[in-house]
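Reader: I have the file open and would like to go through it with you. Can you start with the surface and then work inward?
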Amino acid sequence: MAAKSQSDSRSKAKSARLRAIARAELPTRYGRFTIYGFQGRGAEEEAVALVRGNLRGRSAPLVRVHSQCLTGDVLTSLRCDCRAQLELSLQEIGRAPSGVLLYLPQEGRGIGLMNKLRAYELQDGGMDTVEANESLGFAADVRDYDFSAKILKKLGATRIRLLSNNPEKVRQLENAGIRVVERVPCQPRVSKISRAYMQTKKTKMGHLLEGM
């Protein structure tokens, strides 16, 4: 009996690792959303979800899993396509019957803001984005999408249409129990400055980009 009790306690603790800690209405220029704050095991597992429509309906909701990019999303950097992808995703989800935008603190493809700035410095010296990350001792992309999958399941979005150019993101989400019924390209118009960055993502990371 004691063993069963301990097992039950561990199971409850495991399921309690993901919590919706806040919910509010969020009107935006792309439409009205419900915004959720989710928390898992510490600061490394936090995320915001913008939700629109009925995620448990017959049609698969349109989903974007977006990694935070302070330099792009906030400071309008043209070194990457992050802000353009974020705006396109909000626009498309705002038009869809249902959808989710997950916003995760995975700066610099998971290496953190300060290391991303160090990588920028190396890129100014001639390295591309992959070479810079590897020079700092990181893989080209260290992101993990298990936490994202847990949030989508909690929201009821287990069958999705995924806005992404990254086949690795599709693979990880499917391995975590999310059925990606369609990959929807997320390729907005970008500046000439970011084309070299995107070319590297295509040739070295396998991103599915047309015209690069």
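**Surface, interior and salt bridges**

Author: Leu 70, Val 74 and Leu 75 together make a nonpolar surface patch of about 260 Å². Keep in mind that this is a predicted model.

Reader: Where is Val 74 placed?

Author: Val 74 is in helix H2, which covers residues 70–74.

Reader: And why does Val 74 count as exposed?

Author: Because its relative accessibility is 51%, and the cut-off for exposed is over 50%.

Reader: Going inside now. How many cavities of 30 Å³ or more does the structure hold?

Author: One. The space in the largest cavity is about 420 Å³.

Reader: Which residues are closest to its centre?

Author: Cys 82, Arg 109, Arg 143, Tyr 197 and Lys 201 are the closest, out of 29 residues that line the largest cavity.

Reader: Which elements give two or more residues to that lining?

Author: Strand S4 (62–67) does, along with helices H3 (82–95), H4 (107–110), H5 (113–124), H6 (129–135) and H9 (195–205).

Reader: How does the lining of the largest cavity divide into nonpolar, polar and charged?

Author: There are eight nonpolar residues, 13 polar and eight charged.

Reader: Back to Arg 109. What is its phi?

Author: Near 55 degrees, which is a positive value in a residue other than glycine. Most residues other than glycine have a negative phi. Arg 109 sits in helix H4.

Reader: Is Arg 109 buried or exposed?

Author: Arg 109 counts as buried because its relative accessibility is 9%.

Reader: Which other residue has a positive phi without being a glycine?

Author: Thr 76 is one, with a phi of about 60 degrees. Thr 76 is in the loop between H2 and H3. At 44% relative accessibility, Thr 76 counts as partly exposed.

Reader: Pockets next. What volume does the largest pocket have?

Author: About 210 Å³. Its lining includes Glu 44, Glu 45 and Glu 46, as well as Arg 143, Asp 144, Phe 147 and Ser 148.

Reader: Which element gives the most to that lining?

Author: Strand S3 does, with three residues. S3 runs over residues 42–52, and both S3 and H7 supply at least two residues of the pocket lining.

Reader: You mentioned H7. Which residues of H7 are buried?

Author: Helix H7 covers residues 146–155, and Phe 147, Ser 148, Ala 149, Ile 151, Leu 152 and Leu 155 are buried there. Phe 147 and Ser 148 are also in the lining of the largest pocket. Just after H7 comes Gly 156, with a positive phi of about 90 degrees.

Reader: Let's do salt bridges. How many does the structure hold?

Author: There are 13 salt bridges. Side chains of opposite charge can pair when their charged atoms come close.

Reader: Glu 45 was in the pocket lining. Which residue does Glu 45 meet in a salt bridge?

Author: Arg 41, at 3.3 Å from N to O. Glu 45 is buried because its relative accessible area is 12%. Arg 41, with 40%, is partly exposed.

Reader: Which pair links distant parts of the chain?

Author: Arg 79 and Asp 124 form a salt bridge, and their closest N and O atoms are 3.2 Å apart. The pair links distant parts of the chain, with Arg 79 in the loop between H2 and H3 and Asp 124 in helix H5, 45 residues apart.

Reader: And how exposed are those two, Arg 79 and Asp 124?

Author: Arg 79 is partly exposed at 27% relative accessibility. Asp 124 is exposed at 60%.

Reader: What about the pair in helix H8?

Author: Arg 171 forms a salt bridge with Glu 168, with the closest N and O atoms 2.6 Å apart. Both lie in H8 (residues 167–175), three residues apart, about one turn of the helix.

Reader: Last one. Which residues are linked in a network of salt bridges?

Author: Arg 29, Arg 83 and Glu 87 are linked in such a network.

Note on methods:
Residues numbered from 1 in each chain as written. Predicted model: local features only at pLDDT ≥ 70, side-chain atom pairs only at ≥ 80, totals over all residues. Heavy atoms only, no water. Patch = residues over 30% accessible without salt bridge, like charges linked within 9 Å, V, L, I, M, F, W, Y side chains within 5 Å. Areas by Shrake-Rupley, 256 points an atom, 1.4 Å probe, with all protein chains shown as cover. Salt bridge = Lys/Arg side-chain N within 4 Å of Asp/Glu carboxyl O. Helix = DSSP H or I, 4+ residues; strand = E, 2+ residues; numbered from the N terminus. Buried < 20%, exposed > 50% of the residue type's maximum accessible area, 1.4 Å probe, protein only. 1 Å grid on protein atoms, 1.4 Å probe; cavity = no way out; pocket = protein on both sides within 12 Å on 5 of 7 lines; lining within 4 Å. Points joined across faces, edges and corners; volume = space filled by probe spheres on them. Nonpolar A, V, L, I, M, F, W, Y, C, P; charged D, E, K, R; others polar.
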